[in-house]
Amino acid sequence: MIVTAMVKVIERSGVPVAAPEGEIDLANVADCRAQLIAVVPNTAPGLVVDLSQTTYLDSRGVHLILEMAERLRTSQQRLALVVPERSVIRRVLLLTQVDKTVPMCRTLDEALQQFRS
Amino acid sequence: MIVAPERVSTKLILLVDDDPVLLQALPEALQLRMDGVDVETCDSADRALQRIAEVDYEAIVTDIKMPGTDGLALLAQIRALRPDTPTLLITGHGEHDLAVQALRGGAYDFIQKPIDREYFVASLTRAMQARQYKRQLDEQQHTLERHASDLERTVQERTRELQFLADASRILTASLDSEATLKSIARLAVPRLADMCMTFLAESDGQVRRVEVVHSDPAKEQRLRKLLERYPFNAVASEPTATVLRTGQALLVPEISEEWARGLGPHTEELSVARTLGSVSLIIVPLMARGRTLGVIAFLTAESNRRYTRDDLALVEELARRAALAIDNARLYEQERRIAETLQRSLLPQRLPSIPGLASAARYLAASPEAVGGDWYDLFVLPRGTVGLVMGDVAGRGVRVAALMAELRSALRAYAVEGYSPAEVVQRLALLIEPGEMATLVYLIYDPATQTVRFTNAGHPPPLAVAPDGRAAYLEGGAPPLGALRMPAYHEQSAQLWPGSTLLLYTDGLIEVRGASIDDGLARLHRAAAADPDEDLDELVDRVLGEVTRGRPGGDDIALLALRAEIPDPTRFHVRLPAVPSSLPMLRHTLRRWMEAAQTNDEDAYEILVACCEACSNVIEHAYGAADGDVEVRGQMTEHEVEMTVRDWGRWRPPRGLNRGRGLRLIEELMRHVTVTPRPDGTTVHMQRTRRQVTT
């Protein structure tokens, strides 16, 4: 069985918001990566990855987020994450110190604030 | 003008009388009045009898009163000796009594003395004419009889030929095996049509083999076979059989002569062998169908000394025509059957996917090896840990049916993985059905965590749910089969199963047993499944198959699929999965169910989940390379502690890629005590930590 990662994309104040639904692991991380890269136009200030509907994330997902951050930094763009307070994946992101590199916000509005400053 | 006298054979008359005057006078009188008549005379009955025995006279004239044997006694003897020869008696004047006696004794006429010569001649002429007519009549009768018996013989011959062709046709239609067919034809031809018969078959790769060699004498058949063993069929030889195979032209040799055999050319060993066994005449016919020569049949005579004729050739050509058609049909059929079988077999899961926490078993019983039916089943894992189950049956048999089955199967999987509901999936499948096609199917989504099913049934027999305590219920509800209605509407049903229930899906072949109603079949299935619902699934499906069909399945294929969610043991965990990425969602699902059963708090559960999946991802990426292998996860849970091990049977290579090390660091963060033990036969990751006591 191939699990296709469902990445929902919306736009808020000129910033693309990508929300992967379900689980991100070895089986679908490549698919997920391709979708995330595709949603950021060169004209956008950056990308919000909304993880509030993501139910599983391990080191492959962490690596994907760090890689995205690196890519956007290179192109003078920015990345912000939405991770709700009670999300189960929060602890993995903290343990791997993702929050040291990428702003981790509790809500989407908070994340969008990152692009106004 | 000279008219050649007509050659008329003289007619011989015998005159018997003891009166020398009369013997002198009467012949003269007759010669004068009649043409082409010779008269022989005799003066006593005894001498006359000798002559009559020797000569077939046209007529006999005898005096009635003679010394010694008289005329009446002579008449009696003539009647015995020459019943067809007319006899006239000469009586004295007024001897009416004698005249009457003579007529009663079989005389043609009587002549009274004194003899009226005109009357005598007239009577004699009539007698001879009557004799002539009788003779002609007899001849015609004979001719007719001869003709009739000729006709009879022809009819008998044709009847035998027709009988032979009818017997041959029976053999030809009885089997769809070309080789068996040709063997039977050879057996049938000997000895009715030939003393020896050999059949040859060209295989699809162009190789030609002698399929059968038959001789009317079993001892000679042995010898013939032994001799021919040395000479496998040689398509380029001058052998008459090879020539017929190449040219497609039948060959009739009524008389096999030395000159003919010599004129053939080199390499006629097969013919030489046949000739050593005394063959005198032969017919070889090609087996032609759709412009191709499929083989050859050779008929030879020996002991019977029979010489083949054009009539025999016609019969044999008719036989060959029918045989070729049968072989061609058999091959086409075989080809189609093989395609259908390959297609159908490729659609059934080689083995059911191993889903942790779920036991499954399936059986497929083909009704006959010849025809492939349209039954299929499928079992696959859906996102979020649910399981899709399918049981379907496309009406009919053969390649078209297998093709539709393939289409439905892949479309169903595609829609199912896309996340469509059972009703949406079935509704979409209905659009794939062409007019005239028909299929039944039931599609279920089973959630092992909640023990619920959502399903849509399109005219398929209802799935059966059996509880561990023996309660059983059919999952009723559904709509007509795919293809039955132009605008069908399919709806979703759902059911809450008893914990630990077994689900049974099947095709109608299971419940439709000859001579019993479907309701009987359903009742039998219900009873059989409920009898021992706890047994191992493989044993359960075998027992159910046996009990429901009572060992006498009907004419339809049977497919049976059983699924059961195991109730997890909260203290122990064990799964073994293929080391492929797609095993990961399955592993997480099973781990979550186990930890739920063990009442692990959400934070612990997530951390244990990530740690185990990290370890498994490493195995998938590093342990086996491109080769296949398994990964095993074991777990033990006590009140305060959890202990997990992940092992493989591969040889790790140094980590590469950007992710190196991050996974293991994460595991160490999550699990406190982590040891990695690489061995030549595999690596074990052991992880241990205490449980958080406060449920958040």
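**View 1. The buried residues of α3(B) pack against β1 (11–16), α2 (45–54), β3 (59–63), β4 (87–91) and α4 (96–104) of chain B.** Packing here is judged by contact, meaning heavy atoms within 4.5 Å. Elements are DSSP runs numbered from the N terminus, with helices (H or I) of at least four residues and strands (E) of at least two. This is a predicted model, in which local features need pLDDT of at least 70 and side-chain atom pairs count only at pLDDT 80 or more, while totals for chains, interfaces and linings use all residues; side-chain values use heavy atoms, with hydrogens and water left out. Residues are numbered from 1 along each chain as its sequence is written, and chains are lettered from A and ligands numbered from 1 in the order in which they are written. Which residues of helix α3 (residues 71–81) of chain B are buried? They are B:Gly71, B:Leu72, B:Leu74, B:Leu75 and B:Ile78. These residues lie on the same side of α3(B), because they cover an arc of only 155° around the axis. The arc is taken from the directions that run from the helix axis to the C-beta atoms. Buried stands for under 20% relative accessible area, exposed for over 50%, and partly exposed for values in between (1.4 Å probe, protein chains only). At the start of α3(B), look for B:Asp70, which has a side-chain oxygen within 3.4 Å of the backbone nitrogen of B:Leu72.

**View 2. Chain B as a whole has 18 helices and 25 strands.** Of its 696 residues, 49% count as buried. Take the contacts in chain B between residues at least 6 apart in sequence: 68% of these join residues at least 24 apart.

**View 3. Chain B meets chain A through 30 residues of chain B and 23 residues of chain A.** The area buried between the two chains is about 2,400 Å², and carbon and sulfur atoms give 59% of this. B:Arg588, B:Tyr606 and B:Arg662 supply 25% of the area that chain B buries against chain A, more than any other three residues. Buried area is the accessible area (1.4 Å probe) that two parts lose on being put together, summed over both. Between chain B and chain A there are 8 residue pairs in polar contact, with both residues at pLDDT 80 or more. On the side of chain B that touches chain A, the elements that give two or more residues are α16 (583–597), α17 (602–622) and α18 (662–671). Of these, α17(B) gives the most, with 10 residues. That side of chain B divides into 15 nonpolar, 5 polar and 10 charged residues.

**View 4. Zoom in on A:Asp25 and B:Arg588, whose side chains meet in a salt bridge (2.8 Å, N to O).** This pair crosses between chains, from the loop between β2 (15–24) and α1 (29–38) of chain A, which holds A:Asp25, to helix α16 of chain B, which holds B:Arg588. Are these two residues buried or exposed? Both A:Asp25 and B:Arg588 are buried. A salt bridge is a side-chain nitrogen of Lys or Arg within 4 Å of a carboxyl oxygen of Asp or Glu. The count between chain B and chain A is 6 salt bridges.

**View 5. B:Glu614 and A:Arg60 form a salt bridge, with their closest N and O atoms 3.9 Å apart.** B:Glu614 lies in helix α17 of chain B and A:Arg60 in helix α2 (residues 59–74) of chain A, so this pair joins two chains. B:Glu614 is buried at a relative accessible area of 0%, and A:Arg60 is buried at 5%.

**View 6. Within chain B, the side chains of B:Arg471 and B:Asp469 meet in a salt bridge (2.9 Å, N to O).** B:Arg471 is partly exposed, with a relative accessible area of 43%, whereas B:Asp469 counts as exposed at 52%. Elsewhere, salt bridges that share partners join A:Arg91, B:Glu603, B:Asp604, B:Glu607, B:Arg689 and B:Arg692 into one network.

**View 7. A cis peptide bond joins B:Lys113 and B:Pro114, with omega about -5°.** B:Pro114 sits in the loop between β5 (109–112) and α5 (117–174) of chain B. The peptide bond from B:Val190 to B:Pro191 is also cis, with omega near 5°. You will find B:Pro191 in the loop between α6 (178–189) and β6 (196–202) of chain B.

Definitions and conventions
A polar contact is a pair of N or O atoms within 3.5 Å; within protein, one must be able to donate a hydrogen and the other to accept it, and residues adjacent in sequence count only if both atoms are side-chain atoms. Ala, Val, Leu, Ile, Met, Phe, Trp, Tyr, Cys and Pro count as nonpolar, Asp, Glu, Lys and Arg as charged, and the others, Gly among them, as polar.
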